[in-house]
Amino acid sequence: MATLSLQHIDKIYDNKVQAVFDFNLDVKDGELIVLVGPSGCGKSTTLRMIAGLEDISAGHLFLDGKDITQTPAKDRDMAMVFQNYALYGHMTIYENMAFSLTLRKENPNVIHKKVLAAAEILGLTEQLNKKPAQLSGGQRQRVAMGRSIVRNPKVFLFDEPLSNLDAKLRGATRREILLLHKRLNATMLYVTHDQTEALTLADRIVCMSMGYVQQVGTPLELYDSPANLFVASFIGLPPMNFFDVTVGEGVLKNDVLSVPISVEEQHLLRAYAGKQIVLGVRPEDIVAGGEVMVNVFSNENLGMNTLVHGHIGSSKPEHKITCKLKGWCDYKTGDQVPVTFVRKHFFDKETTKAIRGEA
Amino acid sequence: MNKNEEQFIKRDRMRFTKNTLSSGLALLAILLNVFYFVSIYKSDVGSYYYNILIGASILYNLIFMLAVFLCSEGVKSYNSAYACVLLVVGVLQIVRIFILPMRAHGATVTINQQETVVMQTAQFLRVVLYLCASAACCLVAGVVGLQKSRALSAHMAELEQKAA
(Lines give C-alpha, C1' and ligand atoms only; values in the text may rest on other atoms or scores of the structure.)
Protein backbone atom coordinates (compact mmCIF):
# COMPACT_ATOMS: atom_id res chain seq x y z
CA MET A 1 0.00 0.00 0.00
CA ALA A 2 0.99 3.63 -0.14
CA THR A 3 1.24 7.12 1.26
CA LEU A 4 -0.08 10.07 -0.68
CA SER A 5 0.83 13.71 -0.31
CA LEU A 6 -0.93 16.64 -1.93
CA GLN A 7 0.99 19.89 -1.67
CA HIS A 8 -0.49 23.27 -2.61
CA ILE A 9 -2.71 21.78 -5.29
CA ASP A 10 -4.72 24.23 -7.41
CA LYS A 11 -7.12 23.51 -10.24
CA ILE A 12 -7.84 26.27 -12.74
CA TYR A 13 -9.91 25.36 -15.79
CA ASP A 14 -9.28 26.79 -19.26
CA ASN A 15 -12.10 29.29 -18.75
CA LYS A 16 -10.14 30.64 -15.73
CA VAL A 17 -12.59 29.23 -13.21
CA GLN A 18 -10.66 28.00 -10.18
CA ALA A 19 -12.19 24.85 -8.69
CA VAL A 20 -9.59 23.99 -6.04
CA PHE A 21 -7.47 26.38 -4.00
CA ASP A 22 -4.24 25.41 -2.22
CA PHE A 23 -5.21 21.86 -1.28
CA ASN A 24 -2.80 20.27 1.21
CA LEU A 25 -3.16 16.79 2.61
CA ASP A 26 -0.93 13.93 3.75
CA VAL A 27 -2.59 10.53 3.54
CA LYS A 28 -1.01 7.83 5.67
CA ASP A 29 -0.54 4.24 4.56
CA GLY A 30 -3.80 2.30 4.92
CA GLU A 31 -5.82 5.37 5.79
CA LEU A 32 -9.37 5.96 4.59
CA ILE A 33 -9.84 9.66 3.84
CA VAL A 34 -13.29 10.99 3.02
CA LEU A 35 -13.63 14.23 1.06
CA VAL A 36 -16.99 15.70 1.94
CA GLY A 37 -18.76 18.85 0.93
CA PRO A 38 -21.71 20.18 -1.02
CA SER A 39 -21.98 19.85 -4.82
CA GLY A 40 -19.47 22.01 -6.65
CA CYS A 41 -17.03 22.31 -3.74
CA GLY A 42 -14.17 20.71 -5.71
CA LYS A 43 -14.01 17.31 -4.03
CA SER A 44 -14.52 15.25 -7.19
CA THR A 45 -12.12 17.52 -9.09
CA THR A 46 -9.50 16.86 -6.41
CA LEU A 47 -10.05 13.11 -6.70
CA ARG A 48 -9.83 13.27 -10.48
CA MET A 49 -6.56 15.20 -10.20
CA ILE A 50 -5.20 12.47 -7.93
CA ALA A 51 -6.32 9.82 -10.42
CA GLY A 52 -4.72 11.73 -13.29
CA LEU A 53 -8.00 12.35 -15.08
CA GLU A 54 -7.59 16.11 -14.63
CA ASP A 55 -4.38 18.13 -14.97
CA ILE A 56 -3.00 19.72 -11.84
CA SER A 57 -2.72 23.48 -12.48
CA ALA A 58 -0.29 24.14 -9.61
CA GLY A 59 1.25 22.20 -6.76
CA HIS A 60 2.64 18.71 -6.45
CA LEU A 61 1.28 15.22 -5.89
CA PHE A 62 3.51 12.59 -4.31
CA LEU A 63 2.85 8.86 -4.15
CA ASP A 64 5.21 7.04 -1.80
CA GLY A 65 7.47 10.09 -1.94
CA LYS A 66 7.66 10.07 -5.75
CA ASP A 67 6.38 13.12 -7.61
CA ILE A 68 3.58 11.88 -9.90
CA THR A 69 2.12 15.30 -10.79
CA GLN A 70 2.83 14.79 -14.50
CA THR A 71 2.49 11.00 -14.56
CA PRO A 72 -0.28 9.76 -16.88
CA ALA A 73 -3.30 8.13 -15.22
CA LYS A 74 -2.43 4.65 -16.51
CA ASP A 75 0.96 4.72 -14.81
CA ARG A 76 -0.20 5.94 -11.40
CA ASP A 77 -1.23 2.53 -10.06
CA MET A 78 -4.50 3.84 -8.68
CA ALA A 79 -7.95 2.37 -9.18
CA MET A 80 -11.08 4.47 -9.32
CA VAL A 81 -14.65 3.41 -8.60
CA PHE A 82 -17.24 5.66 -10.22
CA GLN A 83 -20.77 6.55 -9.20
CA ASN A 84 -22.22 5.05 -12.41
CA TYR A 85 -20.17 1.80 -12.04
CA ALA A 86 -18.73 2.12 -15.62
CA LEU A 87 -19.18 -1.60 -16.33
CA TYR A 88 -19.16 -3.08 -19.84
CA GLY A 89 -22.72 -4.23 -20.48
CA HIS A 90 -21.82 -6.85 -23.09
CA MET A 91 -19.26 -8.57 -20.84
CA THR A 92 -19.96 -10.97 -18.00
CA ILE A 93 -19.02 -10.02 -14.45
CA TYR A 94 -15.96 -12.27 -14.73
CA GLU A 95 -14.87 -10.56 -17.94
CA ASN A 96 -15.52 -7.11 -16.47
CA MET A 97 -13.36 -7.89 -13.46
CA ALA A 98 -10.62 -9.48 -15.56
CA PHE A 99 -10.62 -6.78 -18.23
CA SER A 100 -7.91 -4.47 -16.91
CA LEU A 101 -5.56 -7.40 -16.31
CA THR A 102 -6.29 -8.84 -19.74
CA LEU A 103 -5.33 -5.49 -21.28
CA ARG A 104 -2.04 -5.71 -19.40
CA LYS A 105 -1.53 -9.15 -20.95
CA GLU A 106 -1.19 -10.89 -17.59
CA ASN A 107 -1.13 -14.69 -17.43
CA PRO A 108 -4.78 -15.89 -17.76
CA ASN A 109 -4.30 -18.34 -14.87
CA VAL A 110 -3.10 -15.51 -12.61
CA ILE A 111 -6.02 -13.35 -13.74
CA HIS A 112 -8.39 -16.21 -12.93
CA LYS A 113 -7.01 -16.58 -9.41
CA LYS A 114 -7.23 -12.84 -8.75
CA VAL A 115 -10.79 -12.56 -10.08
CA LEU A 116 -11.99 -15.52 -8.00
CA ALA A 117 -10.31 -14.13 -4.89
CA ALA A 118 -11.90 -10.69 -5.40
CA ALA A 119 -15.29 -12.25 -6.12
CA GLU A 120 -14.99 -14.28 -2.93
CA ILE A 121 -14.22 -11.14 -0.90
CA LEU A 122 -17.19 -9.32 -2.40
CA GLY A 123 -19.63 -12.24 -2.39
CA LEU A 124 -19.91 -12.25 -6.17
CA THR A 125 -18.85 -15.84 -6.89
CA GLU A 126 -22.35 -16.88 -7.91
CA GLN A 127 -22.75 -13.89 -10.22
CA LEU A 128 -19.59 -14.27 -12.30
CA ASN A 129 -21.35 -15.62 -15.39
CA LYS A 130 -24.06 -12.96 -15.36
CA LYS A 131 -24.15 -9.69 -17.25
CA PRO A 132 -24.25 -6.37 -15.34
CA ALA A 133 -27.88 -5.79 -16.37
CA GLN A 134 -28.87 -8.91 -14.40
CA LEU A 135 -27.47 -7.53 -11.13
CA SER A 136 -28.86 -5.08 -8.60
CA GLY A 137 -27.29 -1.65 -8.11
CA GLY A 138 -25.42 -2.80 -5.01
CA GLN A 139 -24.04 -5.84 -6.76
CA ARG A 140 -22.94 -3.73 -9.73
CA GLN A 141 -21.11 -1.37 -7.41
CA ARG A 142 -19.41 -4.39 -5.83
CA VAL A 143 -18.33 -5.51 -9.31
CA ALA A 144 -16.86 -2.04 -9.87
CA MET A 145 -14.97 -2.44 -6.59
CA GLY A 146 -13.89 -5.94 -7.59
CA ARG A 147 -12.46 -4.57 -10.81
CA SER A 148 -10.30 -2.32 -8.68
CA ILE A 149 -9.31 -5.03 -6.21
CA VAL A 150 -7.95 -7.40 -8.87
CA ARG A 151 -5.49 -4.72 -9.95
CA ASN A 152 -4.11 -4.54 -6.42
CA PRO A 153 -3.49 -0.80 -6.79
CA LYS A 154 -1.55 1.37 -4.38
CA VAL A 155 -4.52 3.68 -3.82
CA PHE A 156 -8.27 3.16 -4.19
CA LEU A 157 -10.32 6.19 -5.24
CA PHE A 158 -14.10 6.21 -4.78
CA ASP A 159 -16.16 8.95 -6.44
CA GLU A 160 -19.58 8.97 -4.76
CA PRO A 161 -19.96 5.21 -5.24
CA LEU A 162 -23.20 4.90 -3.31
CA SER A 163 -25.13 7.81 -4.78
CA ASN A 164 -27.10 5.64 -7.20
CA LEU A 165 -28.30 3.23 -4.51
CA ASP A 166 -31.42 3.36 -2.39
CA ALA A 167 -31.09 4.12 1.32
CA LYS A 168 -31.13 0.49 2.51
CA LEU A 169 -28.64 -0.71 -0.06
CA ARG A 170 -26.45 2.32 0.61
CA GLY A 171 -26.16 1.35 4.25
CA ALA A 172 -25.31 -2.26 3.41
CA THR A 173 -22.75 -1.32 0.74
CA ARG A 174 -21.22 1.24 3.08
CA ARG A 175 -20.59 -1.49 5.63
CA GLU A 176 -19.08 -3.64 2.89
CA ILE A 177 -16.68 -0.86 1.92
CA LEU A 178 -15.68 -0.51 5.55
CA LEU A 179 -15.07 -4.27 5.83
CA LEU A 180 -13.14 -4.19 2.57
CA HIS A 181 -10.93 -1.43 3.89
CA LYS A 182 -10.23 -3.39 7.06
CA ARG A 183 -9.54 -6.55 5.10
CA LEU A 184 -7.27 -4.99 2.48
CA ASN A 185 -5.84 -2.32 4.79
CA ALA A 186 -5.60 -0.21 1.66
CA THR A 187 -5.08 3.52 1.25
CA MET A 188 -8.43 4.87 0.12
CA LEU A 189 -9.83 8.25 -0.82
CA TYR A 190 -13.58 8.50 -0.87
CA VAL A 191 -15.67 11.39 -2.15
CA THR A 192 -19.20 11.96 -0.94
CA HIS A 193 -21.64 14.73 -0.21
CA ASP A 194 -23.35 12.53 2.39
CA GLN A 195 -22.09 13.37 5.86
CA THR A 196 -23.38 10.06 7.26
CA GLU A 197 -21.06 8.20 4.88
CA ALA A 198 -18.23 10.51 5.85
CA LEU A 199 -18.73 10.08 9.58
CA THR A 200 -19.15 6.30 9.45
CA LEU A 201 -16.39 5.45 7.00
CA ALA A 202 -13.57 7.88 7.51
CA ASP A 203 -10.37 7.63 9.49
CA ARG A 204 -10.11 11.34 8.68
CA ILE A 205 -12.49 13.70 6.94
CA VAL A 206 -11.56 16.56 4.64
CA CYS A 207 -14.45 19.02 4.64
CA MET A 208 -14.49 21.29 1.57
CA SER A 209 -16.46 24.31 0.45
CA MET A 210 -16.07 26.55 -2.60
CA GLY A 211 -12.78 24.86 -3.51
CA TYR A 212 -11.17 25.44 -0.11
CA VAL A 213 -10.40 22.89 2.58
CA GLN A 214 -12.41 23.97 5.60
CA GLN A 215 -11.17 21.38 8.10
CA VAL A 216 -9.25 18.12 8.20
CA GLY A 217 -9.75 15.84 11.16
CA THR A 218 -11.26 12.70 12.56
CA PRO A 219 -15.05 12.40 12.39
CA LEU A 220 -15.25 13.15 16.10
CA GLU A 221 -13.09 16.26 15.74
CA LEU A 222 -15.32 17.60 12.99
CA TYR A 223 -18.45 16.84 14.96
CA ASP A 224 -17.21 17.99 18.35
CA SER A 225 -14.94 20.85 17.39
CA PRO A 226 -15.97 22.28 14.03
CA ALA A 227 -13.41 24.79 12.81
CA ASN A 228 -15.95 27.24 11.42
CA LEU A 229 -19.61 27.90 10.77
CA PHE A 230 -19.57 25.98 7.48
CA VAL A 231 -18.26 22.76 9.05
CA ALA A 232 -20.62 23.18 12.00
CA SER A 233 -23.61 23.53 9.70
CA PHE A 234 -22.53 20.77 7.31
CA ILE A 235 -21.64 18.05 9.78
CA GLY A 236 -24.47 16.77 11.96
CA LEU A 237 -28.03 15.76 11.20
CA PRO A 238 -30.29 17.60 11.87
CA PRO A 239 -27.93 20.53 11.38
CA MET A 240 -26.73 22.75 14.19
CA ASN A 241 -28.94 25.67 15.31
CA PHE A 242 -27.35 29.11 15.04
CA PHE A 243 -28.29 32.32 16.84
CA ASP A 244 -26.71 35.76 16.63
CA VAL A 245 -26.11 36.81 20.24
CA THR A 246 -24.27 39.50 22.15
CA VAL A 247 -21.81 38.50 24.83
CA GLY A 248 -23.01 39.98 28.11
CA GLU A 249 -22.01 39.58 31.73
CA GLY A 250 -22.52 35.84 32.33
CA VAL A 251 -25.14 35.66 29.61
CA LEU A 252 -25.56 35.51 25.83
CA LYS A 253 -28.45 37.66 24.71
CA ASN A 254 -30.42 38.74 21.71
CA ASP A 255 -33.91 40.21 21.39
CA VAL A 256 -35.63 36.89 22.16
CA LEU A 257 -32.98 34.75 23.81
CA SER A 258 -31.06 34.89 27.04
CA VAL A 259 -28.70 32.00 27.70
CA PRO A 260 -26.58 31.87 30.82
CA ILE A 261 -22.94 30.81 30.30
CA SER A 262 -20.54 29.12 32.65
CA VAL A 263 -17.39 30.70 34.09
CA GLU A 264 -15.24 28.76 31.63
CA GLU A 265 -17.36 30.00 28.75
CA GLN A 266 -17.14 33.58 30.08
CA HIS A 267 -13.38 33.16 30.18
CA LEU A 268 -13.38 31.83 26.63
CA LEU A 269 -15.47 34.76 25.39
CA ARG A 270 -13.75 37.53 27.37
CA ALA A 271 -12.28 39.02 24.19
CA TYR A 272 -15.78 39.31 22.74
CA ALA A 273 -17.46 41.07 25.68
CA GLY A 274 -20.17 43.34 24.34
CA LYS A 275 -19.65 42.05 20.80
CA GLN A 276 -21.85 39.92 18.60
CA ILE A 277 -20.95 36.28 18.10
CA VAL A 278 -22.77 33.26 16.66
CA LEU A 279 -24.01 30.71 19.15
CA GLY A 280 -24.28 27.18 17.79
CA VAL A 281 -26.23 24.42 19.49
CA ARG A 282 -26.64 20.92 18.12
CA PRO A 283 -30.23 19.62 18.30
CA GLU A 284 -29.00 16.63 20.31
CA ASP A 285 -27.34 18.98 22.84
CA ILE A 286 -30.72 20.35 23.84
CA VAL A 287 -32.64 18.78 26.73
CA ALA A 288 -36.17 19.40 27.97
CA GLY A 289 -36.64 21.71 30.97
CA GLY A 290 -34.78 24.95 31.48
CA GLU A 291 -34.49 28.60 30.75
CA VAL A 292 -35.21 28.81 27.00
CA MET A 293 -38.83 28.60 25.84
CA VAL A 294 -39.51 26.97 22.46
CA ASN A 295 -42.83 27.55 20.68
CA VAL A 296 -43.49 24.21 19.02
CA PHE A 297 -44.26 24.28 15.32
CA SER A 298 -44.08 20.55 14.55
CA ASN A 299 -43.20 17.33 16.26
CA GLU A 300 -41.54 14.29 14.61
CA ASN A 301 -41.37 11.08 16.60
CA LEU A 302 -38.41 8.91 15.66
CA GLY A 303 -38.95 6.22 18.28
CA MET A 304 -36.00 6.74 20.61
CA ASN A 305 -36.07 10.52 20.06
CA THR A 306 -38.44 13.26 19.08
CA LEU A 307 -37.49 16.05 16.72
CA VAL A 308 -39.20 19.22 17.86
CA HIS A 309 -39.22 22.07 15.35
CA GLY A 310 -40.15 25.49 16.66
CA HIS A 311 -39.00 29.01 17.24
CA ILE A 312 -37.84 31.12 20.13
CA GLY A 313 -39.81 34.31 20.66
CA SER A 314 -40.77 35.19 17.10
CA SER A 315 -41.23 33.08 14.01
CA LYS A 316 -38.42 34.86 12.12
CA PRO A 317 -36.09 32.45 10.28
CA GLU A 318 -33.17 33.42 12.55
CA HIS A 319 -35.16 32.38 15.60
CA LYS A 320 -36.03 28.90 14.36
CA ILE A 321 -34.77 25.97 16.36
CA THR A 322 -34.73 22.18 16.08
CA CYS A 323 -34.41 20.09 19.24
CA LYS A 324 -33.73 16.36 19.38
CA LEU A 325 -35.33 15.43 22.68
CA LYS A 326 -34.99 12.03 24.27
CA GLY A 327 -37.99 9.71 24.33
CA TRP A 328 -41.40 9.91 22.76
CA CYS A 329 -42.97 13.38 23.05
CA ASP A 330 -46.40 14.45 21.90
CA TYR A 331 -46.17 18.21 21.61
CA LYS A 332 -48.85 20.08 19.70
CA THR A 333 -48.38 23.15 17.53
CA GLY A 334 -48.33 26.19 19.79
CA ASP A 335 -47.11 24.29 22.89
CA GLN A 336 -44.37 26.02 24.90
CA VAL A 337 -41.47 23.72 25.77
CA PRO A 338 -38.73 24.85 28.14
CA VAL A 339 -35.26 23.61 27.08
CA THR A 340 -31.63 23.91 28.11
CA PHE A 341 -28.55 24.06 25.90
CA VAL A 342 -26.17 21.58 27.52
CA ARG A 343 -23.35 22.16 25.06
CA LYS A 344 -22.62 25.30 23.09
CA HIS A 345 -20.34 26.23 20.20
CA PHE A 346 -19.19 29.79 19.64
CA PHE A 347 -18.19 31.35 16.33
CA ASP A 348 -16.70 34.71 15.44
CA LYS A 349 -19.39 36.54 13.47
CA GLU A 350 -16.93 38.23 11.11
CA THR A 351 -14.43 35.47 10.37
CA THR A 352 -16.96 32.62 10.95
CA LYS A 353 -14.15 30.74 12.72
CA ALA A 354 -14.79 28.82 15.92
CA ILE A 355 -13.86 30.62 19.12
CA ARG A 356 -11.50 28.27 20.86
CA GLY A 357 -9.53 28.34 24.09
CA GLU A 358 -6.62 30.20 22.60
CA ALA A 359 -8.85 33.07 21.34
CA MET B 1 2.01 -22.42 -9.23
CA ASN B 2 2.81 -26.11 -9.93
CA LYS B 3 1.79 -27.94 -13.09
CA ASN B 4 -1.21 -29.69 -11.52
CA GLU B 5 -2.54 -26.42 -10.17
CA GLU B 6 -2.00 -24.76 -13.54
CA GLN B 7 -3.95 -27.52 -15.26
CA PHE B 8 -6.73 -27.22 -12.71
CA ILE B 9 -6.97 -23.43 -13.17
CA LYS B 10 -6.90 -23.85 -16.93
CA ARG B 11 -9.91 -26.15 -16.71
CA ASP B 12 -11.58 -23.97 -14.09
CA ARG B 13 -11.28 -20.92 -16.34
CA MET B 14 -13.67 -22.60 -18.76
CA ARG B 15 -16.47 -22.05 -16.23
CA PHE B 16 -16.28 -18.33 -16.86
CA THR B 17 -14.71 -17.91 -20.29
CA LYS B 18 -16.13 -18.71 -23.72
CA ASN B 19 -14.76 -21.13 -26.28
CA THR B 20 -13.74 -18.37 -28.63
CA LEU B 21 -11.41 -20.61 -30.63
CA SER B 22 -14.17 -22.92 -31.85
CA SER B 23 -16.57 -20.05 -32.29
CA GLY B 24 -14.06 -18.04 -34.30
CA LEU B 25 -13.17 -21.02 -36.49
CA ALA B 26 -16.85 -21.61 -37.24
CA LEU B 27 -17.25 -18.00 -38.33
CA LEU B 28 -14.13 -18.33 -40.47
CA ALA B 29 -15.69 -21.41 -42.08
CA ILE B 30 -18.69 -19.29 -43.08
CA LEU B 31 -16.42 -16.65 -44.58
CA LEU B 32 -14.50 -19.26 -46.59
CA ASN B 33 -17.78 -20.73 -47.80
CA VAL B 34 -18.81 -17.28 -49.00
CA PHE B 35 -15.55 -17.07 -50.96
CA TYR B 36 -16.39 -20.47 -52.41
CA PHE B 37 -19.84 -19.64 -53.70
CA VAL B 38 -18.91 -16.26 -55.11
CA SER B 39 -16.05 -17.94 -56.96
CA ILE B 40 -17.84 -20.92 -58.46
CA TYR B 41 -20.65 -19.52 -60.63
CA LYS B 42 -19.64 -18.00 -63.95
CA SER B 43 -22.06 -16.31 -66.31
CA ASP B 44 -20.15 -16.96 -69.58
CA VAL B 45 -20.84 -20.71 -69.68
CA GLY B 46 -24.33 -20.60 -71.17
CA SER B 47 -27.03 -22.43 -69.28
CA TYR B 48 -24.70 -24.95 -67.66
CA TYR B 49 -25.59 -23.94 -64.12
CA TYR B 50 -29.34 -23.65 -64.78
CA ASN B 51 -30.44 -26.96 -63.23
CA ILE B 52 -31.80 -28.38 -60.00
CA LEU B 53 -28.35 -29.25 -58.66
CA ILE B 54 -27.37 -25.60 -58.68
CA GLY B 55 -30.61 -24.64 -56.97
CA ALA B 56 -29.90 -27.18 -54.25
CA SER B 57 -26.33 -25.90 -53.97
CA ILE B 58 -27.52 -22.32 -53.42
CA LEU B 59 -30.06 -23.51 -50.88
CA TYR B 60 -27.40 -25.55 -49.09
CA ASN B 61 -25.13 -22.53 -48.89
CA LEU B 62 -27.85 -20.60 -47.10
CA ILE B 63 -28.56 -23.46 -44.71
CA PHE B 64 -24.83 -23.95 -44.14
CA MET B 65 -24.33 -20.34 -43.14
CA LEU B 66 -27.30 -20.34 -40.78
CA ALA B 67 -26.37 -23.68 -39.20
CA VAL B 68 -22.70 -22.85 -38.73
CA PHE B 69 -23.55 -19.45 -37.27
CA LEU B 70 -25.83 -21.14 -34.72
CA CYS B 71 -23.09 -23.68 -34.02
CA SER B 72 -20.55 -20.89 -33.47
CA GLU B 73 -22.81 -19.52 -30.73
CA GLY B 74 -23.45 -23.01 -29.33
CA VAL B 75 -19.82 -24.10 -29.11
CA LYS B 76 -18.97 -20.76 -27.52
CA SER B 77 -20.76 -21.99 -24.40
CA TYR B 78 -19.24 -25.50 -24.59
CA ASN B 79 -22.35 -27.25 -25.98
CA SER B 80 -21.18 -30.63 -27.29
CA ALA B 81 -24.24 -31.11 -29.55
CA TYR B 82 -23.29 -28.08 -31.61
CA ALA B 83 -19.71 -29.35 -31.81
CA CYS B 84 -21.04 -32.61 -33.30
CA VAL B 85 -23.07 -30.64 -35.85
CA LEU B 86 -19.88 -28.82 -36.85
CA LEU B 87 -18.14 -32.16 -37.42
CA VAL B 88 -20.96 -33.33 -39.68
CA VAL B 89 -21.01 -30.05 -41.59
CA GLY B 90 -17.23 -30.24 -41.99
CA VAL B 91 -17.49 -33.68 -43.58
CA LEU B 92 -20.26 -32.39 -45.87
CA GLN B 93 -18.00 -29.58 -47.07
CA ILE B 94 -15.51 -32.23 -48.25
CA VAL B 95 -18.30 -34.20 -49.93
CA ARG B 96 -19.38 -31.05 -51.76
CA ILE B 97 -16.09 -31.02 -53.67
CA PHE B 98 -17.19 -34.16 -55.49
CA ILE B 99 -20.66 -32.87 -56.36
CA LEU B 100 -20.41 -29.52 -58.11
CA PRO B 101 -16.74 -28.53 -58.61
CA MET B 102 -15.65 -31.98 -59.85
CA ARG B 103 -18.51 -32.14 -62.37
CA ALA B 104 -18.00 -28.60 -63.60
CA HIS B 105 -14.23 -29.10 -63.91
CA GLY B 106 -14.67 -31.99 -66.37
CA ALA B 107 -17.58 -30.46 -68.28
CA THR B 108 -17.71 -28.48 -71.52
CA VAL B 109 -20.50 -26.48 -73.12
CA THR B 110 -21.00 -25.32 -76.72
CA ILE B 111 -21.36 -21.60 -77.05
CA ASN B 112 -21.49 -20.03 -80.56
CA GLN B 113 -20.43 -23.42 -82.02
CA GLN B 114 -17.34 -23.46 -79.81
CA GLU B 115 -16.47 -25.92 -77.08
CA THR B 116 -15.95 -24.06 -73.82
CA VAL B 117 -14.61 -25.52 -70.56
CA VAL B 118 -17.03 -24.77 -67.72
CA MET B 119 -14.38 -24.61 -65.00
CA GLN B 120 -10.73 -24.01 -65.65
CA THR B 121 -8.20 -25.81 -63.44
CA ALA B 122 -7.18 -22.59 -61.71
CA GLN B 123 -10.77 -21.85 -60.74
CA PHE B 124 -11.26 -25.47 -59.71
CA LEU B 125 -8.24 -25.42 -57.44
CA ARG B 126 -9.44 -22.15 -55.89
CA VAL B 127 -12.92 -23.39 -55.02
CA VAL B 128 -11.56 -26.71 -53.75
CA LEU B 129 -9.15 -24.80 -51.56
CA TYR B 130 -11.99 -22.72 -50.13
CA LEU B 131 -14.11 -25.79 -49.44
CA CYS B 132 -11.21 -27.70 -47.89
CA ALA B 133 -10.28 -24.74 -45.68
CA SER B 134 -13.91 -24.27 -44.68
CA ALA B 135 -14.19 -27.98 -43.89
CA ALA B 136 -10.98 -27.89 -41.87
CA CYS B 137 -12.26 -24.95 -39.83
CA CYS B 138 -15.52 -26.78 -39.10
CA LEU B 139 -13.74 -30.01 -38.16
CA VAL B 140 -11.16 -28.34 -35.92
CA ALA B 141 -13.87 -26.20 -34.30
CA GLY B 142 -15.95 -29.35 -33.71
CA VAL B 143 -13.07 -31.40 -32.31
CA VAL B 144 -11.88 -28.58 -30.03
CA GLY B 145 -15.44 -27.87 -28.96
CA LEU B 146 -16.07 -31.50 -28.16
CA GLN B 147 -12.82 -31.85 -26.22
CA LYS B 148 -13.43 -28.69 -24.23
CA SER B 149 -17.04 -29.49 -23.43
CA ARG B 150 -16.00 -32.93 -22.19
CA ALA B 151 -13.19 -31.43 -20.12
CA LEU B 152 -15.58 -28.90 -18.63
CA SER B 153 -18.16 -31.58 -17.80
CA ALA B 154 -15.49 -33.65 -16.07
CA HIS B 155 -14.25 -30.59 -14.20
CA MET B 156 -17.74 -29.67 -13.05
CA ALA B 157 -18.29 -33.24 -11.84
CA GLU B 158 -14.98 -33.04 -9.98
CA LEU B 159 -16.01 -29.77 -8.33
CA GLU B 160 -19.39 -31.18 -7.35
CA GLN B 161 -17.67 -34.22 -5.87
CA LYS B 162 -15.34 -31.95 -3.89
CA ALA B 163 -18.24 -29.86 -2.67
CA ALA B 164 -20.10 -32.98 -1.56
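Residues are numbered from 1 along each chain as its sequence is written, while chains are lettered from A and ligands numbered from 1 in the order in which they are written. Because the model is predicted, local features need pLDDT of at least 70 and side-chain atom pairs count only at pLDDT 80 or more, whereas totals for chains, interfaces and linings use all residues.

We can start with the overall layout of chain A. Chain A holds 9 helices and 19 strands; these elements are DSSP runs numbered from the N terminus, with helices being H or I of at least four residues and strands E of at least two. Taken along the principal axes, the C-alpha atoms of chain A fill a box of roughly 75 × 45 × 35 Å. Of its 359 residues, 38% count as buried (a residue is buried if 20 or more other C-beta atoms lie within 10 Å of its own, exposed if 12 or fewer, and partly exposed in between, with C-beta atoms placed from the backbone). Among contacts in chain A between residues at least 6 apart in sequence, 66% link residues at least 24 apart; here two residues are in contact if their C-beta atoms, placed from the backbone, lie within 7 Å.

Chain A is divided into domain 1 (4-233) and domain 2 (239-348), with bounds that come from an automatic or database domain assignment. The C-alpha centres of domain 1 and domain 2 of chain A are 38 Å apart. Where the two meet, 5 residues of domain 1 of chain A contact 6 residues of domain 2 of chain A. The domain 1 side of this contact in chain A has 3 nonpolar, 2 polar and no charged residues (Ala, Val, Leu, Ile, Met, Phe, Trp, Tyr, Cys and Pro count as nonpolar, Asp, Glu, Lys and Arg as charged, and the others, Gly among them, as polar).

Next come the sheets. One open sheet of chain A has 4 strands in the order 2-1-4-5, with antiparallel pairing; two strands pair if DSSP finds at least two bridges between them. Strand 2 (18-27) and strand 5 (66-67) of chain A stand at the edges with a single partner strand each, so one side of each is left without a neighbour in the sheet. Helix 1 (residues 43-51) of chain A packs on this sheet and touches strand 1 (4-12), strand 2 and strand 4 of chain A. The direction of helix 1 makes about 65° with that of strand 2 of chain A, where axes are lines fitted to C-alpha atoms, for helices over the stretch in contact, and angles run from 0 to 180 degrees between N-to-C directions. Strand 4 (residues 58-63) and strand 5 of chain A run antiparallel and are joined by 2 bridges, with A:Leu63 opposite A:Lys66.

A second open sheet of chain A has 6 strands in the order 6-7-8-3-9-10 and mixed pairing. Its edges are strand 6 (78-81) and strand 10 (212-217) of chain A, each with a single partner strand, so one side of each lacks a neighbour in the sheet. From one strand to the next, the twist averages 15°. Within this sheet, strand 3 (residues 32-36) and strand 9 (residues 204-209) of chain A run parallel, joined by 4 bridges; A:Ile33 has A:Arg204 as its bridge partner.

Two helices of chain A also meet. The axes of helix 2 (residues 93-103) and helix 4 (residues 137-149) of chain A come within 7 Å and cross at roughly 35°. In this contact, A:Ile93, A:Asn96, A:Met97 and A:Ser100 of helix 2 meet A:Val143, A:Gly146 and A:Arg147 of helix 4. The contact residues comprise 3 nonpolar, 3 polar and 1 charged.

Some backbone details deserve a look. Most residues other than glycine have a negative phi, and most peptide bonds are trans. A:Asp64, in the loop between strand 4 and strand 5 of chain A, has a positive phi of about 55° and is partly exposed, with 15 other C-beta atoms within 10 Å. A:Tyr85 lies in the loop between strand 6 and helix 2 of chain A; its phi is near 70°, and A:Tyr85 is buried, with 20 other C-beta atoms within 10 Å. A cis peptide bond joins A:Leu237 and A:Pro238, with omega about -5°.
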